[in-house]
Amino acid sequence: QLQLVESGGGLVQPGESLRLSCAASGDSLRHYVIGWFRQAPGKQREGVSCISSSDEDTYLKDSVKGRFAISRDNAKNTANLQINNLKPEDTGVYYCAAAVDAITTSQALCVMQGYVLVWGQGTLVTVSS
């Protein structure tokens, strides 16, 4: 059974960078559409970046384009989210997720959270000066 564990969050200043990692166990991430979701304080969880199982199709929320980049490392069975030029509005808990088999596109996972098969426990990112 697939399990996901996120790491890499922390307290950073505006303009700094972070690299979040999602370590998988129980199955290979290469079989799944995977994504990163964010829940800001007092707001609903939203999809920020997702990637198809073939890595050919990626989705980025408009507000993070040019700053966020999703990738996977099949050898390490991890998914990563590189976040550059962090802003205070990026503050929140970041969750890694894998989609059910029926989903093949990155946008479908990021837009429709109902297609999530497995969630990680989340890692907190706080951007503050």
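Three bridges connect strand S9 to strand S10 (residues 116–119), and the two run antiparallel. Strands here are DSSP runs of E with at least two residues, numbered from the N terminus, and two strands count as paired if DSSP finds at least two bridges between them. Within this pairing, Ala99 has Val116 of S10 as its bridge partner. The model is a predicted one, in which local features need pLDDT of at least 70 and side-chain atom pairs count only at pLDDT 80 or more, while totals for chains, interfaces and linings use all residues. Residues are numbered from 1 along each chain as its sequence is written, and side-chain values use heavy atoms, with hydrogens and water left out.

Buried means under 20% relative accessible area, exposed over 50%, and partly exposed in between, with a 1.4 Å probe and protein chains only.

Another part of the fold is an open sheet of four strands, in the order S1-S3-S8-S7 and with antiparallel pairing. Its edge strands, S1 (3–7) and S7 (68–73), each pair on one side only. From one strand to the next, the twist averages 20 degrees, with axes taken as lines fitted to C-alpha atoms and angles running from 0 to 180 degrees between N-to-C directions. Inside this sheet, S3 (residues 18–25) and S8 (residues 78–83) run antiparallel and are joined by six bridges, and Leu18 has Ile83 of S8 as its bridge partner.

Turning to side-chain packing, the largest nonpolar core has 26 residues, and those with the most contacts inside it are Leu2, Leu4, Trp36, Leu81 and Tyr94. Such a core is a set of buried Ala, Val, Leu, Ile, Met, Phe, Trp, Tyr and Cys residues joined through side-chain atoms within 4.5 Å. At least two residues of this core come from each of S3, S4, S5 (46–51), S7, S8, S9 and S11, and S3 gives the most, with four. Leaving aside neighbours within four places in sequence, Tyr94 is in contact (heavy atoms within 4.5 Å) with residues that include Leu20, Trp36, Phe68, Leu81 and Val125. A second, separate core of 10 residues includes Ala99, Ile103, Leu109 and Cys110.

Most residues other than glycine have a negative phi. Asp55, although not a glycine, has a positive phi of about 70 degrees; Asp55 is found in the loop between S5 and S6 (58–60) and counts as partly exposed, at 33% relative accessibility. Asn77 likewise is not a glycine and has a positive phi of about 55 degrees. Asn77 lies in the loop between S7 and S8, and at 16% relative accessibility it counts as buried.

Thr78 belongs to strand S8 and is buried too, with 14% relative accessibility. Not counting residues up to four places away in sequence, Thr78 touches Cys22, Ala23, Leu29, Arg72 and Asp73.
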